[in-house]
Amino acid sequence: MQAVLDYLARNQSRFVDELCDYLRIPSISAQPNHKRDMEAAANWLAKHCREIGLKPEICRTDGHPIVLARTPRKKGSRKPHYLVYGHYDVQPPDPLDKWTSPPFEPRIANGNVYARGSTDNKGQHFAHLKTIEAYLKTGTELPCDVTFVVEGEEEMGSDNIVPFLRKRKSDLKSEGVVVSDTGMPSPRHPALTYALRGVLAVEVRIDGPNRDLHSGLFGGAVENPAMALSQMLAKCRDARGRVAISGFYDDVVKLTPLERREMKRMPGTDAELCRLLGVKQLYGESGYTMHEQRSARPTCEINGLTSGYQGAGSKTIVPSYASAKLTFRLVPNQTPEKIVKLVRAYLKKICPPTVRMTFEPGHAGAPYIVQPTSRQVGAALNALRSGFGHPPILLREGGSIPIVNDFKKILGVDTLLLGLALPDDNLHSPNEKFSLDQFRKGMMMAAHLWQELGRL
Ligand code: BES
Ligand code: MN
């Protein structure tokens with residue numbers, strides 16, 4: 001094992017260079033004009049896997065390809081088998097003018113690499129690859145067989161990986177999945193995440209007149225779709241910060257006193273969060289702390305809102321339509337299937353008769369929670385302690401990784417969520433970065449993890 005750790009230490013700067021090569025590929029899954037870049041990223045990754053001694057395979061899907069790469073193994077190996085899941089797709093980098101340096105020209109500054117996808121998620125699964133490289137190149141016996149599953153559609157809902165898991169079920173038969181795609185509250189608080197929120201995306205469109213109208217000639221007599229939509233959206237939450245959609249909270253499981261106590265031990269105060277994000281005051285559902293609101297309570301968010309004239313100056317019109325992209329974060333035991341019905345029914349009920357509403361459900365994923373008491377969790381906690389030099393904590397987090405439920409449903413295994421992101425890494429925001437220290441410690445954590453898991 002010492003040989004592995006030495007190898008990691010000796011090769012850090014090369015690892016950073018390689019990560020930068022990976023980050024230069026603008027693999028934005030949501031945008032059709034980046035289809036070739038998605039191919040390029042999958043090819044780059046597969047080639048890299050081959051170079052470090054893995055056996056890669058590029059698997060075609062109805063969408064972007066999935067890269068599967070396995071450690072060399074002897075026939076009839078009796079080692080435990082684990083999957084490492086990651087995603088090579090990234091969020092769109094917009095708004096571009098808010099980036100200090102271009103999103104796909106990685107820049108190293110004050111111990112970080114700045115680029116879209118650096119933390120979410122290229123840097124994090126790359127750390128796992130480098131640890132496997134260290135085992136293979138030093139000839140150190142890997143205590144586990146490992147298969148990497150790196151997909152290209154996580155940021156759009158992971159639709160095509162589900163049939164893939166079914167089709168390749170026997171190759172993917174394993175003891176568990178390791179995922180580094182979550183965070184930790186500070187470099188001194190390595191964390192195992194045992195719950196994630198689910199998500200439901202919808203789009204609602206309000207159509208009014210058959211063209212944009214002169215607001216002086218027609219305004220007042222014809223409903224303004226932007227106004228109608230705004231009023232409907234405003235009715236989606238109440239004065240206490242609760243989602244006002246009828247039935248929304250029916251299946252929500254209460255936080256246990258133990259969880260609320262644990263939550264109180266989390267580092268990070270309201271004032272610090274205000275400062276980090278540049279807000280005057282926090283918002284939130286009354287009766288819950290900031291940490292609870294962010295991780296264990298459901299929400300309704302407007303992600304995008306479009307209507308009318310957006311150019312310079314003013315234009316006096318009644319726009320012909322307005323539309324909004326919404327997402328709901330869900331917690332146990334809400335289901336996207338039930339929530340989508342409630343949302344549609346509620347919007348339909350409050351939509352005025354002067355306009356037409358269309359409602360388009362988008363991607364969805366159920367919430368995830370496991371009891372953090374298994375031997376695998378114990379092993380992972382040991383690895384976190386060894387890698388980061390601090391006692392780890394157990395975390396519920398607010399983001400979503402829908403595929404973890406499918407790992408459970410289809411493959412029957414739990415996921416160890418061992419995230420390396422820090423609170424100021426700007427995931428999905430301009431100036432996303434990844435701490436090189438987290439990169440390095442993440443590799444060490446992974447080196448210990450295979451020892452710990454191999455011992456079970
Ligand atoms: N890595 C994130 C999720 C995450 C980040 C979880 C930090 C916990 C802490 C992941 O890549 C992501 O952004 N997921 C999307 C999923 C959605 C598009 C289906 C999300 O949460 O918005
Ligand atoms: Mn993401």
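Where is the place of Thr-289? Good morning. Thr-289 sits in the loop between helix H9 (270-277) and helix H10 (290-295); helices here are DSSP runs of H or I with at least four residues, strands are runs of E with at least two, and both are numbered from the N terminus.

Please note that this is a predicted model, in which local features need pLDDT of at least 70 and side-chain atom pairs count only at pLDDT 80 or more, while totals for chains, interfaces and linings use all residues. Residues are numbered from 1 along each chain as its sequence is written, and side-chain values use heavy atoms, leaving out hydrogens and water.

Thr-289 counts as partly exposed because its relative accessibility is 33%, and that class lies between buried, under 20% relative accessible area, and exposed, over 50% (1.4 Å probe, protein chains only). The C-alpha atoms of Thr-289 and Gln-376 are separated by 30 Å, the two residues being 87 apart along the chain.

I turn now to helix H7. In H7 (residues 225-234), Pro-225, Ala-228, Leu-229, Met-232 and Leu-233 are buried. Viewed down the axis of H7, these residues fall within an arc of 130°, so they line one face of the helix; the arc is taken from the directions from the helix axis to the C-beta atoms. An α-helix has 3.6 residues a turn, so residues three or four places apart point the same way.

What do the buried residues of H7 pack against? Their partners include strand E9 (198-207), strand E13 (321-330) and helix H11 (336-350), where contact means heavy atoms within 4.5 Å. Thank you.

How values were computed. Chains lettered and ligands numbered in written order.
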